[in-house]
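The sequence and the model are shown first.

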Amino acid sequence: MPKLLIKVFGDPGEDMCELEEAKYLIDFSSQIIVIDGQQIRSYDELAKIASQEKYRNQEFIEVVQVPAVTGG
């Protein structure tokens, strides 16, 4: 299983983690999570996508976190 390369939109830094660690590192409720242009809404959805054939031989999967902006 590839590792996750986690980037925050607009921030030049990045973190790398195992899929299992993403349960605790990614807040799916207050951020928009994107992999290859597809929005991910839960850890289970992330795990399902990470296990797809096209990602199996990759070293990492790039995960982009976009902070949700609220207000009006």
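Predicted model: local features only at pLDDT ≥ 70, side-chain atom pairs only at ≥ 80, totals over all residues.

Which residue in strand 2 is the bridge partner of K7? The partner is E14.

## Strand 1 and its two partners

Strand 1 and strand 2, the latter made of residues 14-17, pair in the antiparallel sense over 4 bridges. Together they form a hairpin with 5 residues between the two strands. Within the turn, G10 has a positive phi of about 85°.

Strand 1 also pairs with strand 5, in this case in the parallel sense and over 6 bridges. Among the partners in strand 5, I61 is bridged to L4, E62 to L5 and V64 to K7.

The strands make up an open sheet of 5 strands in the order 2-1-5-3-4, and the pairing is mixed. Strand 2 and strand 4 (38-40) stand at the edges; each has a single partner strand, so one side of each lacks a neighbour in the sheet. From one strand to the next, the twist averages 30°.

Strand 5 is also paired with strand 3, in the antiparallel sense over 4 bridges. In this pairing, V66 of strand 5 is the bridge partner of I32.

## Helix 2 against the sheet

Helix 2 lies across strand 1, strand 3, strand 4 and strand 5, and runs at about 135° to strand 4. Which residues of helix 2 are buried? They are Y43, L46, I49 and A50. These residues lie on the same side of helix 2 because they cover an arc of only 125° around the axis. In general, an α-helix has 3.6 residues a turn, so residues three or four places apart point the same way.

The buried residues of helix 2 pack against strand 1, strand 3, strand 4 and strand 5, and also against helix 1 (22-25). The face turned away from the buried side carries the exposed residues D44 and K48.

## The nonpolar core

The largest nonpolar core contains 17 residues, and those with the most contacts inside it are L4, I26, I35, L46 and V63. At least two residues of this core come from each of strand 1 (3-8), strand 3 (31-35), helix 2 (43-50) and strand 5 (60-67). Helix 2 gives the most, with 4 residues.

What does L4 touch beyond residues up to four places away in sequence? Its contacts are D15, M16, C17, E18, L19, A22, L46, I61 and V63. Another, I61, is the bridge partner of L4 in strand 5.

R56 is placed in the loop between helix 2 and strand 5. Apart from its neighbours within four places in sequence, R56 is in contact with P2 and S51. The side chain of R56 reaches the backbone oxygen of S51 at 3.1 Å.

How far apart are the C-alpha atoms of R56 and V66? A distance of 25 Å separates them, while the two residues are 10 residues apart along the chain.

Definitions and conventions: Residues numbered from 1 in each chain as written. Heavy atoms only, no water. Core = buried A, V, L, I, M, F, W, Y, C linked by side-chain atoms within 4.5 Å. Buried < 20%, exposed > 50% of the residue type's maximum accessible area, 1.4 Å probe, protein only. Contact = heavy atoms within 4.5 Å. Polar contact = N/O pair within 3.5 Å; in protein donor to acceptor, adjacent residues only side chain to side chain. Pairing = 2+ DSSP bridges. Axes fitted to C-alpha atoms, helices over the stretch in contact; angles between N-to-C directions. Arc of directions from axis to C-beta.
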